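The following paragraphs lead the reader through one protein chain, from its overall surface to individual side-chain pairs. Please consult the sequence and the coordinates alongside the text.

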Amino acid sequence: MHTHVRTSRAVQRTSHSRATPLRAAELQRVRRPRLMHVLSSPRFNEMFALSPDQAAGLQRKPGSQHKAGTPKPQKAKPQQEFRRENKNRPREASAKKRPRGVRVVVPSKKQVMRDPRFDNLSGQLNNDLFDKTYSFIEEKRRQEIDDLAKAHRAEKDPERKEQIKRVMQSFKDQLQTKKQSQEIAQKRSQRRKAEFALVKQGKKPFFLKKADEDKLRLLEEFDQAEKRGMLDKKLKTRRKHKANKQHTSVPRARR
C-alpha cells in the first residue's frame with residue numbers, strides 16, 4: 001500500500017513538472033508497466049494482507065543490505081553489573097565513567113586561619129597589661145645592647161665593627177621609640193583623667209585633637225633641649241628633615 005502511494009505521487013510530480021502534454025503521456029506509458037509489476041508482486045500482496053506492525057517488521061529482514069542515507073540500527077550494549085564478593089568490601093565502580101566530584105571518604109576538619117588582631121575571640125587589647133606582661137623583652141634588649149658594646153670594643157675588623165655598631169644603634173632606636181610612645185600615652189591618659197574630673201564638676205567636655213597634641217609634645221621637646229643646651233642642634237635637625245621631606249614631594253623633573 002505504501003509503495004503504491006509513493007510511486008503514484010512520484011508519477012504525479014513528474015507529470016505536472018513537464019509543460020507539454022505529449023511528454024507527460026510518454027512518461028505515463030513508460031512508468032505504467034513498472035507500477036503494475038510492483039502492484040502484482042507477491043511481496044506487495046503479503047504486506048497488504050498483514051497488519052501495519054507486521055508489515056513494518058517485514059520491510060527489512062535481518063541480513064538485508066543497509067541503504068545509504070538511513071541510520072543503522074544500534075545494538076543495545078549489555079550493562080556490566082559490579083557486585084561485591086563480600087558486603088564488607090568497598091563497592092566497585094567503572095573507571096570509564098567520570099565521577100561527579102570529589103568524594104569525601106574520611107571527613108576532616110577544615111583548617112581556618114584567623115588573625116588575633118581582628119578576632120573577637122582574642123578579646124580587647126590592653127596596652128598597659130601588654131607592656132607589663134612583656135616587660136622582660138626590654139630587659140633582654142638592653143642586655144643584648146651591652147653584649148654588642150663589649151663585642152664592638154673587642155672587634156679588630158673595621159667592617160665587622162661597623163656592622164655591630166649599626167645593629168646596636170638599631171636596638172637603641174627601638175627602645176627610644178618605645179619609651180616615647182609610652183610617655184605620650186601616659187600624658188594623654190593624665191589629660192583625659194583631668195578632663196573627666198572637670199566634666200563631673202559641670203564643665204563642658206573638651207578633648208584635644210591629634211595635631212594639638214603633637215604641638216604640645218614638640219614644645220616640651222624644645223624646652224628639654226633648651227635645658228640641655230641642644231636647642232640649636234634640635235632645630236637644625238628638624239629643618240633638615242623638613243627640607244628632605246619637601247624635596248621628596250617635588251617632581252623628579254624639577255629637582
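The accessible surface of the chain comes to about 24800 Å², and 53% of this area belongs to carbon and sulfur atoms. Accessible areas come from the Shrake-Rupley method with a 1.4 Å probe, and for residues only the protein chains shown count as cover. The model is predicted: local features need pLDDT of at least 70, side-chain atom pairs count only at pLDDT 80 or more, and totals for chains, interfaces and linings use all residues. Residues are numbered from 1 along each chain as its sequence is written, and side-chain values use heavy atoms, with hydrogens and water left out.

The chain contains 9 helices and 0 strands, which gives the pattern α-α-α-α-α-α-α-α-α along the sequence. Helices (H or I, at least four residues) and strands (E, at least two) are DSSP runs, numbered from the N terminus. Of the 255 residues in the chain, 8% are buried. Here buried means under 20% relative accessible area, exposed means over 50%, and partly exposed lies in between (1.4 Å probe, protein chains only). Among contacts (heavy atoms within 4.5 Å) between residues at least 6 apart in sequence, 29% join residues at least 24 apart.

The interior is considered next. In soluble globular proteins, nonpolar side chains tend to be buried together. The largest nonpolar core in this model has 7 residues: Ile-145, Leu-148, Ala-149, Ile-164, Met-168, Phe-171 and Leu-175. Helices α6 (136-154) and α7 (158-200) each supply at least two residues of this core, and α7 gives the most, with 4 residues. A nonpolar core is defined as a set of buried Ala, Val, Leu, Ile, Met, Phe, Trp, Tyr and Cys residues joined through side-chain atoms within 4.5 Å.

One member, Tyr-134, is found in the loop between α5 (127-133) and α6. Tyr-134 is partly exposed, with a relative accessible area of 39%.

The structure holds 12 salt bridges, each a side-chain nitrogen of Lys or Arg within 4 Å of a carboxyl oxygen of Asp or Glu. In one of them, Lys-178 pairs with Asp-131, the closest N and O atoms being 3.3 Å apart. This pair links distant parts of the chain, with Lys-178 in helix α7 and Asp-131 in helix α5, 47 residues apart. Lys-178 is partly exposed at a relative accessible area of 30%, and Asp-131 counts as partly exposed at 25% relative accessibility.

An α-helix has 3.6 residues a turn, so residues three or four places apart point the same way. Arg-142 is partly exposed, with a relative accessible area of 43%, and Glu-138 is partly exposed at 22%.

The side chains of Glu-195 and Lys-203 also meet in a salt bridge (2.9 Å, N to O). Glu-195 counts as buried at 11% relative accessibility, whereas Lys-203 counts as partly exposed at 36%. Elsewhere, salt bridges that share partners join Lys-210, Asp-214, Arg-217, Glu-221 and Lys-234 into one network.

Helix α8 (residues 210-228) has 19 residues and reaches 27 Å from its first C-alpha to its last, close to the 27 Å expected at 1.5 Å a residue. The expected span is 1.5 Å times one less than the number of residues in a helix. Which residues of α8 are buried? They are Glu-213, Phe-222 and Ala-225, and their cover includes α7 and α9 (231-249). Glu-213 has a relative accessible area of 14%. Leaving aside neighbours within four places in sequence, Glu-213 is in contact with Arg-188, Arg-191 and Leu-208. Gly-229 follows α8 and has a positive phi, near 80 degrees. Helix α9 has 19 residues, of which the number buried is 0, so α9 lies largely in the open.
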